[in-house]
Amino acid sequence: GHEEEVGEEYLFKIVLIGDSAVGKSNLLSRFARNEFDTNSKATIGVEFQTQVVEIDGKEVKAQIWDTAGQERFRAVTSAYYRGAVGALIVYDISRRTTFDSVKRWLDELSIHCDTTMGRMLVGNKCDLENIREVSVEEGKSLAEAEGLFFMETSALDAINVQTAFEIVIREIYNNIS
Ligand code: GDP
Ligand code: MG
């Protein structure tokens, strides 16, 4: 009944990873506050943001962690990954080097987390079609090969951002229920 359901609560830690400047912080601010920031400034003070999502009538708290720019020095710590049950691995469709780095990020993820976690490969900045360096097909096939969900997003134009996070959250939910 109602009383039993009130006590049920879900808290999912989800990490954002990927090279510097691919748009991780803006994906989070778009998802959590519907905001976009044109100045790329390092995240200060905020380790994560919590967003409540309803799935099957249940309240799920998604605690989404953003790096404070440590990825520039390849120094994302194990504390960052600890307890994570979901991950968005982000690259920038207009910079191939960020796509080439995905394998390295997946390796790092597999060192710290269980591979049964909800994982989504995210090709961000799909608004930059005119300077695209990575095709949709390349993204798709890498995701298929690695067993990841895949989506292209634009934090700038608010394309697929909500959906990307929600798919990961739902996948985690399905894994545990
Ligand atoms: P992070 O280092 O991965 O956290 O990346 P940021 O969120 O700081 O974004 C890096 C730069 O890319 C900033 O100048 C953003 O304004 C820009 N940016 C982020 N997302 C998008 C997007 O979807 N489209 C475009 N065109 N630029 C974006
Ligand atoms: Mg950032």
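How many of the 10 residues of α2 are buried?

Analyst: This is a predicted model, in which local features need pLDDT of at least 70 and side-chain atom pairs count only at pLDDT 80 or more, while totals for chains, interfaces and linings use all residues. Residues are numbered from 1 along each chain as its sequence is written, and chains are lettered from A and ligands numbered from 1 in the order in which they are written.

Helix α2 spans residues 24–33. Its name, like those of the other elements, follows from DSSP runs numbered from the N terminus (helices are H or I, at least four residues; strands are E, at least two). Eight of the 10 residues of α2 are buried, so the helix is largely enclosed by the rest of the structure. A residue is buried here if 20 or more other C-beta atoms, placed from the backbone, lie within 10 Å of its own; with 12 or fewer it is exposed, and in between it is partly exposed. The buried residues of α2 are Lys24, Ser25, Asn26, Leu27, Leu28, Ser29, Arg30 and Phe31. Just after the helix, Asn34 has a positive phi of about 55°.

The cover over these buried residues includes the strands β1, β2, β3, β4 and β5 and the helix α7. The strands belong to an open sheet of six, with mixed pairing, in the order β2-β3-β1-β4-β5-β6. Two strands pair if DSSP finds at least two bridges between them. The edges are β2 (48–55) and β6, each with a single partner strand, so one side of each has no neighbour in the sheet. From one strand to the next the twist averages 25°. Angles run from 0 to 180 degrees between N-to-C directions, and axes are lines fitted to C-alpha atoms, for helices over the stretch in contact. Helix α7 also packs on the sheet, touching β1, β2, β3, β4, β5 and β6, with a direction about 170° from that of β5.

That leaves the other helix in the cover. Two packed helices are described by the angle between their axes and the distance between the axes. The axes of α2 and α7 (residues 161–176) come within 9 Å and cross at roughly 90°. The two helices are therefore roughly perpendicular to each other, a class that takes angles from 65 to 115 degrees, with under 35 roughly parallel, over 145 roughly antiparallel and the rest oblique. Leu27, Arg30 and Phe31 of α2 make this contact with Val161, Gln162 and Phe165 of α7. The contact residues divide into four nonpolar, one polar and one charged. Nonpolar covers Ala, Val, Leu, Ile, Met, Phe, Trp, Tyr, Cys and Pro; charged covers Asp, Glu, Lys and Arg; the others, Gly among them, are polar.

Conventions: Two residues are in contact if their C-beta atoms, placed from the backbone, lie within 7 Å.
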